[in-house]
Amino acid sequence: SFGGDGSELVQSMKNALESKYPKIVFSNKPSVYAIASWGVANGSHTANHTGVVVGINGDKILIAEAGWNSWEFTGVKEYPLSDFNDQDSYMYANVNDYLKSETGLQ
């Protein structure tokens, strides 16, 4: 299991899985089907999120995300790619190589 809040999910995955599954690419650059986690300062607290990158088109990124406390955060959202690309507070686990037939997943 992976502990921590939303902003810690990918780091927790990295700690637990990196040596066992070397084809998972952990980085701060998004890619389609990567698992994403991030924390965003919002006034006096941090909003922590997880999601899956479902599309990148030009300067836009589509992320399927869910909010634990509000349905308004749940769904596929479009954001400027520059807000999510190569930012220190955003981490991604690209699991594409494990979505192929060698693992039985499609």
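In which strand does E65 lie, and which residues does that strand cover?

Modeller: E65 belongs to strand 4, which covers residues 60-65. This is a predicted model, where local features need pLDDT of at least 70, side-chain atom pairs count only at pLDDT 80 or more, and totals for chains, interfaces and linings use all residues. Numbering runs from 1 along each chain as its sequence is written, and side-chain values use heavy atoms, without hydrogens and water.

First, the overall layout. The protein has 1 helix and 6 strands (DSSP runs: H or I of at least four residues, E of at least two, numbered from the N terminus). Along the sequence, the pattern is α-β-β-β-β-β-β. Of the 106 residues, 30% are buried (under 20% relative accessible area; exposed is over 50%, partly exposed in between; 1.4 Å probe, protein chains only).

Now back to E65. E65 is buried, yet E65 has no salt bridge (a Lys or Arg side-chain nitrogen within 4 Å of an Asp or Glu carboxyl oxygen). K77 is the nearest side chain of opposite charge, and K77 is 5.1 Å away (Lys and Arg count as positive, Asp and Glu as negative; His and chain ends are not counted). E65 does have a partner, though. The side chains of E65 and Y79 are joined by a polar contact of 2.5 Å (N or O atoms within 3.5 Å, one able to donate a hydrogen and the other to accept it; sequence neighbours count only through side-chain atoms).

Next, look at K77 itself. K77 is in strand 5, which spans residues 75-80. K77 counts as partly exposed because its relative accessibility is 23%. I61 sits 16 residues from K77 in sequence, and the two C-alpha atoms are 8.2 Å apart in space. V76 is in strand 5 too. V76 counts as exposed because its relative accessibility is 53%.

The largest nonpolar core has 10 residues: A34, A36, W38, V53, I61, I63, L81, F84, Y90 and Y92 (buried Ala, Val, Leu, Ile, Met, Phe, Trp, Tyr and Cys, joined through side-chain atoms within 4.5 Å). At least two residues of this core come from each of strand 2 (34-42), strand 4 and strand 6 (90-94). Strand 2 contributes the most, with 3 residues. There is also a second, separate core of 9 residues, and among them are I24, F26, A93 and V95.

S37 is buried because its relative accessible area is 0%. S37 and Y90 are 53 residues apart along the chain, but their C-alpha atoms are separated by 5.9 Å. Y90 is one of the residues of the largest nonpolar core.

Finally, check the loops. Y33 is in the loop between strand 1 (25-27) and strand 2. Phi of Y33 is positive, near 75 degrees, and Y33 is not a glycine. Y33 is partly exposed because its relative accessible area is 47%. D86 is in the loop between strand 5 and strand 6. Phi of D86 is positive as well, near 60 degrees, again in a residue other than glycine. D86 is partly exposed because its relative accessible area is 41%.
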